[in-house]
Amino acid sequence: MAKKTRHTGRPKLLEGKREHIIKAKLTEQELRQLKAMEQQLGLNRSEIIKGRVLHDSHSLVINAAELMKLLDGIGAELGRAGNNINQLARHANTLNKQDMLNPGTVAEFNQLLAAYVTLQQELEKCLRQIIRLMRN
(Lines give C-alpha, C1' and ligand atoms only; values in the text may rest on other atoms or scores of the structure.)
Protein backbone atom coordinates (compact mmCIF):
# COMPACT_ATOMS: atom_id res chain seq x y z
CA MET A 1 0.00 0.00 0.00
CA ALA A 2 1.40 3.37 -1.00
CA LYS A 3 2.03 5.79 1.80
CA LYS A 4 0.03 9.01 1.51
CA THR A 5 2.31 12.06 1.52
CA ARG A 6 1.26 15.29 3.14
CA HIS A 7 1.77 18.48 1.24
CA THR A 8 2.41 21.49 3.42
CA GLY A 9 2.85 25.09 2.44
CA ARG A 10 1.57 26.82 -0.62
CA PRO A 11 1.11 24.93 -3.87
CA LYS A 12 3.92 24.97 -6.41
CA LEU A 13 3.62 27.67 -9.08
CA LEU A 14 3.10 26.33 -12.57
CA GLU A 15 3.51 29.72 -14.26
CA GLY A 16 5.18 32.98 -13.36
CA LYS A 17 7.75 31.43 -11.08
CA ARG A 18 10.59 33.83 -10.39
CA GLU A 19 13.78 31.90 -10.74
CA HIS A 20 16.18 34.38 -12.35
CA ILE A 21 18.43 36.57 -10.25
CA ILE A 22 19.89 39.84 -11.43
CA LYS A 23 22.82 41.33 -9.55
CA ALA A 24 23.65 45.01 -9.34
CA LYS A 25 26.57 46.75 -7.69
CA LEU A 26 25.84 49.86 -5.65
CA THR A 27 27.99 52.46 -3.96
CA GLU A 28 27.64 52.97 -0.21
CA GLN A 29 25.51 56.07 -0.84
CA GLU A 30 23.24 54.22 -3.29
CA LEU A 31 22.80 51.37 -0.80
CA ARG A 32 21.89 53.85 1.96
CA GLN A 33 19.35 55.44 -0.39
CA LEU A 34 17.84 52.04 -1.20
CA LYS A 35 17.63 51.14 2.50
CA ALA A 36 15.99 54.49 3.25
CA MET A 37 13.44 53.83 0.48
CA GLU A 38 12.72 50.41 1.98
CA GLN A 39 11.91 51.98 5.35
CA GLN A 40 9.94 54.91 3.96
CA LEU A 41 7.83 52.89 1.55
CA GLY A 42 7.47 49.69 3.54
CA LEU A 43 8.63 47.61 0.57
CA ASN A 44 11.55 45.23 0.21
CA ARG A 45 14.40 45.81 -2.25
CA SER A 46 13.05 43.40 -4.80
CA GLU A 47 9.62 45.06 -4.86
CA ILE A 48 11.16 48.52 -5.22
CA ILE A 49 13.45 47.50 -8.07
CA LYS A 50 10.79 45.50 -9.93
CA GLY A 51 8.31 48.32 -9.54
CA ARG A 52 10.75 50.90 -10.88
CA VAL A 53 12.10 48.83 -13.76
CA LEU A 54 9.13 46.78 -14.95
CA HIS A 55 5.94 48.53 -13.93
CA ASP A 56 5.83 51.95 -15.55
CA SER A 57 9.16 53.48 -14.62
CA HIS A 58 7.69 56.95 -15.16
CA SER A 59 5.34 56.65 -12.20
CA LEU A 60 6.38 57.75 -8.75
CA VAL A 61 6.68 55.55 -5.71
CA ILE A 62 5.20 57.42 -2.79
CA ASN A 63 5.19 57.10 0.94
CA ALA A 64 1.49 56.64 1.69
CA ALA A 65 1.84 57.61 5.37
CA GLU A 66 3.57 60.88 4.50
CA LEU A 67 1.02 61.63 1.79
CA MET A 68 -1.88 61.06 4.19
CA LYS A 69 -0.23 63.40 6.71
CA LEU A 70 0.10 66.11 4.05
CA LEU A 71 -3.47 65.61 2.85
CA ASP A 72 -4.67 65.89 6.44
CA GLY A 73 -2.88 69.25 6.66
CA ILE A 74 -4.57 70.41 3.46
CA GLY A 75 -7.95 69.40 4.86
CA ALA A 76 -7.29 71.38 8.04
CA GLU A 77 -6.34 74.47 6.02
CA LEU A 78 -9.50 74.17 3.93
CA GLY A 79 -11.51 74.02 7.14
CA ARG A 80 -9.81 77.16 8.45
CA ALA A 81 -10.47 78.98 5.17
CA GLY A 82 -14.14 77.99 5.36
CA ASN A 83 -14.36 79.33 8.92
CA ASN A 84 -12.80 82.63 7.82
CA ILE A 85 -15.26 82.95 4.93
CA ASN A 86 -18.16 82.33 7.32
CA GLN A 87 -16.86 84.99 9.71
CA LEU A 88 -16.55 87.51 6.87
CA ALA A 89 -20.07 86.73 5.64
CA ARG A 90 -21.46 87.10 9.14
CA HIS A 91 -19.71 90.44 9.59
CA ALA A 92 -20.98 91.59 6.18
CA ASN A 93 -24.54 90.66 7.17
CA THR A 94 -24.20 92.67 10.37
CA LEU A 95 -22.93 95.69 8.44
CA ASN A 96 -25.69 95.27 5.86
CA LYS A 97 -28.38 95.39 8.57
CA GLN A 98 -26.87 98.66 9.80
CA ASP A 99 -26.69 100.08 6.23
CA MET A 100 -22.92 100.40 6.58
CA LEU A 101 -21.91 97.87 3.90
CA ASN A 102 -19.95 99.37 1.02
CA PRO A 103 -21.09 97.96 -2.37
CA GLY A 104 -17.49 98.11 -3.66
CA THR A 105 -16.38 95.88 -0.80
CA VAL A 106 -19.15 93.40 -1.62
CA ALA A 107 -18.11 93.30 -5.29
CA GLU A 108 -14.45 92.74 -4.37
CA PHE A 109 -15.39 90.03 -1.85
CA ASN A 110 -17.50 88.25 -4.48
CA GLN A 111 -14.57 88.28 -6.93
CA LEU A 112 -12.19 86.89 -4.30
CA LEU A 113 -14.72 84.25 -3.27
CA ALA A 114 -15.18 83.18 -6.91
CA ALA A 115 -11.39 82.86 -7.30
CA TYR A 116 -11.23 80.82 -4.08
CA VAL A 117 -13.98 78.48 -5.26
CA THR A 118 -12.15 77.96 -8.57
CA LEU A 119 -8.91 77.10 -6.73
CA GLN A 120 -10.76 74.74 -4.41
CA GLN A 121 -12.30 72.92 -7.39
CA GLU A 122 -8.82 72.55 -8.95
CA LEU A 123 -7.52 71.16 -5.67
CA GLU A 124 -10.38 68.66 -5.55
CA LYS A 125 -9.53 67.49 -9.09
CA CYS A 126 -5.89 67.01 -8.12
CA LEU A 127 -6.84 65.07 -5.00
CA ARG A 128 -9.12 62.79 -7.03
CA GLN A 129 -6.24 62.14 -9.46
CA ILE A 130 -3.92 61.28 -6.56
CA ILE A 131 -6.48 58.87 -5.14
CA ARG A 132 -6.92 57.20 -8.55
CA LEU A 133 -3.14 56.83 -8.92
CA MET A 134 -2.87 55.32 -5.44
CA ARG A 135 -5.55 52.75 -6.26
CA ASN A 136 -3.69 51.63 -9.38
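Leaving aside its neighbours within four places in sequence, which residues is Ile85 in contact with? The close-ups below, all taken from a predicted model, start there.

**View 1. Ile85 and its contacts.** Beyond those sequence neighbours within four places, Ile85 touches Leu113 and Tyr116. Ile85 belongs to helix H3 (residues 64-97). Its relative accessibility is 22%, so Ile85 counts as partly exposed; the cut-off for buried is under 20%. Leu31 lies 54 residues away along the chain, and 50 Å separates the C-alpha atoms of Leu31 and Ile85.

**View 2. Helix H1 from end to end.** Just after H1 comes Gly42, with a positive phi of about 70°.

View 3. Leu34, Glu38 and Leu41 are the buried residues of H1. They cover an arc of only 95° around the axis, which places them on the same side of the helix. Here is a handy reminder: an α-helix has 3.6 residues a turn, so residues three or four places apart point the same way. Glu28, Gln29, Arg32 and Gln39 are exposed on the other side of H1. The cover over the buried residues includes H2.

**View 4. Where H1 meets H2.** The axes of H1 (residues 28-41) and H2 (residues 45-53) come within 9 Å and cross at roughly 100°, so the two helices are roughly perpendicular to each other. From H1, Leu31, Leu34, Lys35, Met37 and Glu38 meet Arg45, Ile48 and Arg52 of H2. The residues of this contact comprise four nonpolar, no polar and four charged.

Notes: Residues are numbered from 1 along each chain as its sequence is written. This is a predicted model: local features need pLDDT of at least 70, side-chain atom pairs count only at pLDDT 80 or more; totals for chains, interfaces and linings use all residues. Side-chain values use heavy atoms; hydrogens and water are left out. Helices (H or I, at least four residues) and strands (E, at least two) are DSSP runs, numbered from the N terminus. Buried means under 20% relative accessible area, exposed over 50%, partly exposed in between (1.4 Å probe, protein chains only). Contact means heavy atoms within 4.5 Å. Axes are lines fitted to C-alpha atoms, for helices over the stretch in contact, and angles run from 0 to 180 degrees between N-to-C directions. Angles under 35 degrees count as roughly parallel, over 145 as roughly antiparallel, 65 to 115 as roughly perpendicular and the rest as oblique. Ala, Val, Leu, Ile, Met, Phe, Trp, Tyr, Cys and Pro count as nonpolar, Asp, Glu, Lys and Arg as charged, and the others, Gly among them, as polar. The arc is that of the directions from the helix axis to the C-beta atoms.
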